[in-house]
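Hi,

Here is the structure I promised to pass on to you.

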Amino acid sequence: DARVTQTPRHKVTEMGQEVTMRCQPILGHNTVFWYRQTMMQGLELLAYFRNRAPLDDSGMPKDRFSAEMPDATLATLKIQPSEPRDSAVYFCASGASGTGVETQYFGPGTRLLVL
Amino acid sequence: QQQVKQSPQSLIVQKGGISIINCAYENTAFDYFPWYQQFPGKGPALLIAIRPDVSEKKEGRFTISFNKSAKQFSLHIMDSQPGDSATYFCAASIGGYQKVTFGTGTKLQVIP
């Protein structure tokens, strides 16, 4: 049963610390999305990649957030320095662009709390 | 601004009833309209999706109705069950795997 995995599932940190979230997309998927979910803002697209190349990161605060795909099996989202307003659930999703099937498969999320 | 407006914010329906969630969009370039279902503590999962070349799509108890001229689409859940209790998000994108804009979500509670 192929699924997107995310680590860690929960993270509590103090303001100013670096936070790294990892995502393993479904094997063979070439498109990866990072979303942030809060009660106030709902689901926001932060960035997405196709074939490991960043296509759009306009939803991401550039001064503190960065997203990368070191290889096809790993996507990372970093926050440095973290702030209390970054507290949210961060979802990674993957999909197989070009196959005619446009489903995005979401991971279970990383619940981040910045104190 | 590429917005998708969703209503209602919350919905309580009795078991066996029909749940209806509505969405409206502004950007006429949108050509893919998925609905996602999210249970507490889980990531959203695709429920059903439609393209603007059809006015209705049905999968089991779930139906999307699409009105291109009004720029509106809705999700109907027939014979609603307690297991359908979840948050539902409509969404829209241009070209499927491009940037997806989500609605604000509807928390559905189906009571026995």
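Predicted model: local features only at pLDDT ≥ 70, side-chain atom pairs only at ≥ 80, totals over all residues.

**The interface**

Let me start with the place where the chains meet. On the chain A side, 21 residues are in contact with 17 residues of chain B. Together the two chains bury about 1,700 Å², and carbon and sulfur atoms carry 52% of that area. Three residues stand out on chain A: Leu43(A), Glu102(A) and Phe106(A) supply 36% of the area that chain A buries against chain B, more than any other three residues.

Which polar interactions cross the interface of chain A and chain B? The rule finds 2 residue pairs in polar contact there, both at pLDDT 80 or more, while the count of salt bridges between chain A and chain B is 0.

As for secondary structure, three strands of chain A each supply at least two residues of the side that touches chain B: β4 (31–38), β5 (42–50) and β9 (88–95). Of the elements in chain A, β5(A) gives the most to that side, with 4 residues. Sorted by type, the residues of chain A on the side that touches chain B comprise 10 nonpolar, 7 polar and 4 charged.

**The aromatic rings**

Over all chains, the structure holds 19 aromatic pairs. Two of the pairs in chain B may be handy if you want to check the geometry yourself.

In one of them, Tyr25(B) and Phe33(B), the ring centres are 4.9 Å apart and the planes stand at 45 degrees, so the pair is tilted. Are these two residues buried or exposed? Tyr25(B) has 6% relative accessibility and therefore counts as buried; Phe33(B), at 0%, counts as buried too.

Another pair is formed by Phe66(B) and Phe73(B), with ring centres 6.3 Å apart and planes at 35 degrees, so this pair is also tilted. Phe66(B) counts as buried because its relative accessibility is 6%, and Phe73(B) counts as buried at 2%.

Best wishes

Notes. Residues numbered from 1 in each chain as written. Chains lettered and ligands numbered in written order. Heavy atoms only, no water. Contact = heavy atoms within 4.5 Å. Buried area = accessible area lost by both parts, 1.4 Å probe. Salt bridge = Lys/Arg side-chain N within 4 Å of Asp/Glu carboxyl O. Polar contact = N/O pair within 3.5 Å; in protein donor to acceptor, adjacent residues only side chain to side chain. Nonpolar A, V, L, I, M, F, W, Y, C, P; charged D, E, K, R; others polar. Phe/Tyr/Trp six-rings, centres within 6.5 Å; stacked < 30°, edge-to-face > 60°. Buried < 20%, exposed > 50% of the residue type's maximum accessible area, 1.4 Å probe, protein only.
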